[in-house]
Amino acid sequence: MKYNKSIMLKLINEHRELHDELKKLKAEMGLEKSFAIKALYHSHVAGDGPYIRDYQDLENLKK
């Protein structure tokens with residue numbers, strides 16, 4: 001599985017918790033949006049994160 005910004009944006013739009021976490025990362029850590037999205041990917045999707053299935057479903061729809 002590979003990082004894809006457009007898929008992450010769709011996932012964030014579908015899950016309010018991810019949207020809130022994105023805002024929090026940007027505010028507290030001073031991250032730019034693109035870096036905050038990558039951080040969310042690595043902490044909530046990659047490996048065996050809680051949103052891996054939803055990400056894979058969106059990834060399969062894109063193909």
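This report describes the helices, core and selected residues of a predicted protein model.

## Confidence in the model

The structure is a prediction, and its mean pLDDT is 95, with 100% of its residues at 70 or more. Confidence is lowest in helix α4, residues 52-62, where the mean is 94. It is highest in helix α1, residues 5-14, where the mean is 97.

Helix α2 covers residues 16-29. After the helix comes G30, which has a positive phi, near 65°.

Which residues of α2 are buried? They are L18, L22 and L25. Viewed down the helix axis, these buried residues fall within an arc of 65°, and therefore they line one face of α2. The buried residues of α2 pack against α1 and against α3, which comprises residues 33-44. On the other side of α2, the residues R16, K23, A27 and E28 are exposed.

## The salt bridge

How many salt bridges does a search of the whole structure find? The search finds one. This salt bridge joins the side chains of R16 and D20, with a distance of 3.2 Å from N to O. Both residues belong to helix α2 and lie four residues apart, which is about one turn of the helix.

The two partners can also be described by their accessibility. R16 counts as exposed because its relative accessibility is 54%, and the cut-off for exposed is over 50%. D20 has a relative accessibility of 37% and therefore counts as partly exposed.

## The nonpolar core

The largest nonpolar core contains 15 residues, of which M8, L11, I12, L40, V45 and Y55 touch the most other members. Each of the helices α1, α2, α3 and α4 supplies at least two residues of this core. In soluble globular proteins, nonpolar side chains tend to be buried together.

L40 illustrates the contacts of one core member. When neighbours within four places in sequence are left aside, L40 is in contact with M8, I12, L18, E21, L22, L25 and V45. L18, L22 and L25 in that list are the buried residues of α2.

## Three further residues

E59 is located in helix α4. Is E59 buried or exposed? With a relative accessibility of 17%, E59 counts as buried, because the cut-off for buried is under 20%. Apart from residues up to four places away in sequence, E59 touches M1, K2 and I7. D54 is also in helix α4, and it is partly exposed, with a relative accessible area of 29%. Its contacts, with residues up to four places away in sequence not counted, are L11 and H15. D54 and S43 are eleven residues apart in sequence, and their C-alpha atoms are 14 Å apart in space.

K33 is placed in helix α3 and is partly exposed, at 45% relative accessibility. Residues up to four places away in sequence again excluded, K33 touches L9, L22 and K26. K33 and G47 are 14 residues apart in sequence, while the distance between their C-alpha atoms is 22 Å.

Conventions: Residues are numbered from 1 along each chain as its sequence is written. This is a predicted model: local features need pLDDT of at least 70, side-chain atom pairs count only at pLDDT 80 or more; totals for chains, interfaces and linings use all residues. Side-chain values use heavy atoms; hydrogens and water are left out. A salt bridge is a side-chain nitrogen of Lys or Arg within 4 Å of a carboxyl oxygen of Asp or Glu. Buried means under 20% relative accessible area, exposed over 50%, partly exposed in between (1.4 Å probe, protein chains only). pLDDT is the predictor's confidence in each residue, from 0 to 100. The arc is that of the directions from the helix axis to the C-beta atoms. Contact means heavy atoms within 4.5 Å. A nonpolar core is a set of buried Ala, Val, Leu, Ile, Met, Phe, Trp, Tyr and Cys residues joined through side-chain atoms within 4.5 Å.
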